[in-house]
Amino acid sequence: MTNEKKRLTTASGNPVGDNQNSITAGQRGPGLIQDVHLLEKMAHFDRERVPERVVHAKGTGAHGYFEVTNDDISKYTKADFLSEVGKQTPMFIRFSTVAGELGSADTVRDPRGFAVKFYTQEGNYDLVGNNTPIFFVRDAIKFPDFIHTQKRNPKTNLKDKNAVWDFWSLSPESLHQVTYMHGDRGIPATYRHMNGYGSHTFKWVNKDGEPFWVKYHFISEQGVTGLDEDVADRIAGENPDYHTEDLYNAIDKGDYPAWKLYVQIMPYEDAKSYKWDPFDVTKTWSKEDYPRIEVGRMVLNRNPENHFAEVEQAALSPANLVPGIEVSPDKMLQGRLFSYSDTQRYRIGVNHQQLPINRPINNAQNYQFDGQMRYDNGGRSINYEPNRYESTPKEDPDSKINSFEVYGDADSVAYSDSDHYTQAGDLYRLMSPDEKDRLIKNVVGHMEKVDYEDIKLRQIEHFYKADPEYGERVAQGLGLSVPAEVK
């Protein structure tokens with residue numbers, strides 16, 4: 001029996017007699033179509049790669065656990081995995097860059113994906129965030145256009161600085177993130193030395209049905225360290241997989257990276273009168289108004305056994321929620337609820353949740369049968385609900401969402417808040433003189449490649465409105481003057 005288990009077989013389990021030589025018509029003759037092992041082997045090889053992600057294509061991941069460290073959190077949410085101190089939940093995280101392709105360098109100036117899958121007893125909970133607390137755009141309808149500017153020009157197949165800054169300069173809501181990304185945290189030293197954020201606002205609901213608004217902050221216990229752009233560029237040429245290698249080696253030698261999870265909690269009614277729209281992902285909440293509250297600790301202690309199976313096939317979506325955690329009216333989040341699951345249906349199939357890396361530990365039970373790659377239809381002949389059969393899955397009224405009010409006319413409307421400058425200016429003014437110098441150097445270095453002066457001047461105007469010194473210094477670095485009408 002032991003020897004049989006080690007026998008090389010075809011995908012159908014048939015023993016392979018020769019894996020070194022294909023079947024030919026004589027020693028020098030052409031190959032024969034009856035060599036089914038050769039045909040299967042080559043056909044599978046042709047299909048080894050699934051389509052790469054449109055965004056966040058280059059990344060790596062690790063397994064670990066999350067442990068609750070604050071008993072008071074159960075006051076705010078009925079989520080079972082957060083119910084008591086000491087409770088541990090297995091989890092998987094995928095780190096990534098945003099704009100680059102699968103083979104791109106790790107050390108580019110770009111946000112980093114920070115996507116966590118918690119395998120809870122109530123199903124998978126995915127928190128799909130970034131290493132920045134904000135984002136470039138705040139409405140999902142602008143997301144495809146934004147990503148097109150970060151990708152390659154369809155004519156030249158080259159990265160296009162004109163497109164990047166043209167879009168940003170015509171989308172002033174991006175200024176806060178543009179400033180953050182060109183600062184010292186724009187290129188993390190490693191995946192271990194960066195924070196993670198849920199970015200969006202979510203809703204927590206406790207066992208009494210009381211709702212709260214919440215933002216997530218994963219704070220690195222290793223500290224936050226960035227790379228100088230010149231060093232990052234050198235590493236990109238010498239070792240484009242630098243961050244991937246660093247994470248793997250750290251875990252492999254037992255130097256397990258960890259993050260403390262904190263949340264900012266806003267009483268439900270405060271959202272109606274807060275000075276910033278709390279659902280605008282281009283804005284942050286003041287920690288003075290809503291201090292961070294410790295929730296727990298995340299530790300990464302196990303590398304994947306197979307990168308493709310556990311990282312490439314990992315499918316995370318903000319639509320994967322558990323009772324006690326719900327969504328907010330954040331327009332970017334609302335669009336992602338559809339887009340993330342849909343892109344996985346395209347990439348790896350409609351039944352991607354059945355893959356081991358995505359499979360919930362409490363076993364999914366529903367009436368979604370068939371489809372490509374479906375290997376388990378549950379052994380039931382009942383594929384509809386409601387039905388009269390007590391042994392089949394039934395809805396759970398206790399898991400219904402918390403009701404929320406909606407109001408206003410249905411229309412294509414922007415957020416009421418049009419102040420895109422105060423928080424970006426505040427971020428600039430928080431920087432030390434050395435940090436400001438590096439920010440200006442990075443912005444100027446990025447913008448000087450833009451061919452059109454009107455794009456540069458339009459962006460300079462945004463910098464100036466955030467802080468006059470900010471605008472003046474960028475203009476000076478580019479050899480331009482701030483337009484008189486802006487001053």
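**Entry 1: Tyr340**

I began with the surroundings of Tyr340, and, setting aside residues up to four places away in sequence, I found that Tyr340 touches His56, Val128, Leu316, Ser317 and Pro318. A reminder to myself before going further: this is a predicted model. I then looked up where Tyr340 sits, and its place is in helix α9, which covers residues 331–348. Is Tyr340 buried or exposed? Its relative accessibility is 17%, and buried means under 20%, so I put Tyr340 down as buried. I also checked the record: UniProt, in an unreviewed entry, places the feature "binding site" at Tyr340.

**Entry 2: His182**

Next I went to His182, which I located in the loop between α5 (175–181) and β5 (196–197). His182 has 0% relative accessibility and therefore counts as buried. What does His182 touch, not counting residues up to four places away in sequence? I listed Arg109, Trp165 and Trp168, and then Arg438, Leu439, Asn442, Val443 and His446.

I picked Arg438 from that list to compare sequence with space. His182 and Arg438 are 256 residues apart in sequence, yet their C-alpha atoms are 8.3 Å apart.

Then I looked for polar partners of the His182 side chain. Which side chain does it meet in a polar contact at 3.0 Å? I found that of His446. I also noted the backbone oxygen of Val178, which lies 2.8 Å from a polar atom of the His182 side chain.

**Entry 3: Thr77**

I moved on to Thr77, in the loop between β1 (59–68) and β2 (88–97). Thr77 is buried, because its relative accessible area is 1% and the cut-off for buried is under 20%. Where does the Thr77 side chain reach at 2.9 Å? I traced it to the backbone oxygen of Gly324. Gly324 turned up again when I listed the contacts of Thr77: leaving aside neighbours within four places in sequence, they are Leu82, Trp204, Val205, Asn206, Gly324 and Ile325.

**Entry 4: a surface patch**

Which residues make the nonpolar surface patch of about 510 Å²? I wrote down Ile33, Leu38, Leu39, Met42 and Phe45. I looked up one of them, Phe45, and found it in helix α2, residues 36–46.

Methods: Residues numbered from 1 in each chain as written. Predicted model: local features only at pLDDT ≥ 70, side-chain atom pairs only at ≥ 80, totals over all residues. Heavy atoms only, no water. UniProt positions renumbered as here; feature names shortened; annotations may be inferred. Helix = DSSP H or I, 4+ residues; strand = E, 2+ residues; numbered from the N terminus. Buried < 20%, exposed > 50% of the residue type's maximum accessible area, 1.4 Å probe, protein only. Contact = heavy atoms within 4.5 Å. Polar contact = N/O pair within 3.5 Å; in protein donor to acceptor, adjacent residues only side chain to side chain. Patch = residues over 30% accessible without salt bridge, like charges linked within 9 Å, V, L, I, M, F, W, Y side chains within 5 Å. Areas by Shrake-Rupley, 256 points an atom, 1.4 Å probe, with all protein chains shown as cover. Salt bridge = Lys/Arg side-chain N within 4 Å of Asp/Glu carboxyl O.
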